[in-house]
Amino acid sequence: MNCLFFAASSGLAHTNSVPQLVIAALAGIVTIVLLIVWRKMHPFLALTLGSAVLALVAAIPLPDTFAAFTKGLGSTVGGVGVLIAFGAIIGKLLIDSGGADQIVDTVLSSTSTKVLPWAMALVAFVVGIPLFFEVGIVLLIPVVMLVARRAKMPVIAVGIPALAGLSALHGLVPPHPGPLIAIDALKANIGLTLGLGLLVAVPTVVVSGPLAARLMVRWVPRRANSLLGGEDAPATEGGSRPSFGVAISVVLLPVVLMLARTVVEMAMRGAEASFVYKAFEFVGEPLVALLLTVLYSMLVLGRASGRSVAEVNKLVGSSLAPIASILLIVGAGGGFKETLVESGIAQVIAQWIEQLGMPILLAGWIVAVAVRLATGSATVATITASGIMAPMATTLPPAGTALLVLAIGAGSVFLSHVNDAGFWLVKEYFGMSVGETFKTWSLMETILSVTGLLCILALAIPLGV
């Protein structure tokens, strides 16, 4: 059957043949995988071309090939892109002011050797809230190497806990791009997702970080390489650092504002017209919370450290250029997701999952794992899984939608291997062989993903999901 019908939600004509729709979905995903993995094409272009292949095989008319794609790209960048930009500004100010270093040094200064792995996990967990995963690695790896050398410990003993903290935040907690994408696609409550994400992340980091590192050290007892030509300490820039209290307040401010909004909304149901309710609803809006944090960080990390207005503005401008690629990938991913939805493919897959009787949280995790293994990209895995699971999320209660976001996020970090840039980044930084990287980094990601899923399923029981 190869006839066409108009999608009620979008007005786009496409085939009503279920086999053809399934083939279209597979063709789009395979195109993306081959272009990223085999041809080493930039994910933005791969996602764009994959969307085109999907639309053409689904028999969407040629003039409308990119109609859903551009709609999804615009809505995703509009909903997520501004938040990512704010996060980049906050991260840049934290790093350049020495605030991130202050947090690290304060925690480590009063830590004994026995609890160093736990301290590194805590540092990564806290610092990782506002920072992108790659930025967190670049910031913390020199600290990891320095701590391992001074304590005369294997680098894995302190490195794996730090990586676990960063990775868990990357997959589970907004304002990181992956969770934001899933929240936007599934229409989840960001405050509720943030709260549940932190709740899931804590035991997940404990298991996949300090506890797992004890076993990995036996397999890879490698000592830390010399840091930057044998220096004993990372270089510090001139100027006074902010205090620990100031630096940590910047990290926690958006978290507190978004969580406070959720608490007030739950506690004051029926009083929506009150001033308190409206005030918390406004300041807890993600865009407002992050904007307030940007302004606050410009003041306490920029002006208060002796920088002029021009210097602070220059820092803000320099933070935006590096995220251009991320914004394009996220936008293209939103376009691919929208093409999946408006072609009717997502609805077909959702019906199959319902017919199989598979729990929706497990289904979301499995779909994300499959795409993650194929593409090596946590972001692409989150985008694709969110698009596929979106039709089923409409019937879930708010807590269920938030947990589905987390399940997809947990699946998106499963088993990092040779098609993931993070695999090679960790390998080179720690000076490990490919085999050693599999025994440590890849295993840690797998433990993190599975532990995260188990915690999510455990939370689903009392929440009635």
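Start with Arg 261 and Glu 285: their side chains meet in a salt bridge at 2.7 Å, N to O. Arg 261 sits in helix α10 and Glu 285 in the loop between α11 (275-283) and α12, so the pair ties together parts 24 residues apart in sequence. Arg 261 is buried, at 18% relative accessible area. Glu 285 is partly exposed, at 35%.

Ground rules. This is a predicted model: local features need pLDDT of at least 70, side-chain atom pairs count only at pLDDT 80 or more, and totals for chains, interfaces and linings use all residues. Numbering runs from 1 along each chain as its sequence is written, and side-chain values use heavy atoms, with hydrogens and water left out.

Terms. A salt bridge is a side-chain nitrogen of Lys or Arg within 4 Å of a carboxyl oxygen of Asp or Glu. Buried means under 20% relative accessible area, exposed over 50%, partly exposed in between (1.4 Å probe, protein chains only). Helices are DSSP runs of H or I, at least four residues, numbered from the N terminus.

By this rule, the count is 8 salt bridges. One of them joins Glu 338 to Lys 71, closest N and O atoms 3.7 Å apart. That pair links distant parts of the chain, helix α14 (residues 324-342) and helix α3, 267 residues apart. Glu 338 is buried, at 10%. Lys 71 is partly exposed, at 46%.

Next, Asp 105 and Arg 241: a salt bridge at 2.6 Å, N to O. Asp 105 is in helix α4 (residues 99-109), Arg 241 in the loop between α9 (190-219) and α10 (244-267).

Last, Val 82. Val 82 lies in helix α3 (residues 67-97) and is partly exposed, at 32%.

Definitions and conventions:
Helix = DSSP H or I, 4+ residues; strand = E, 2+ residues; numbered from the N terminus.
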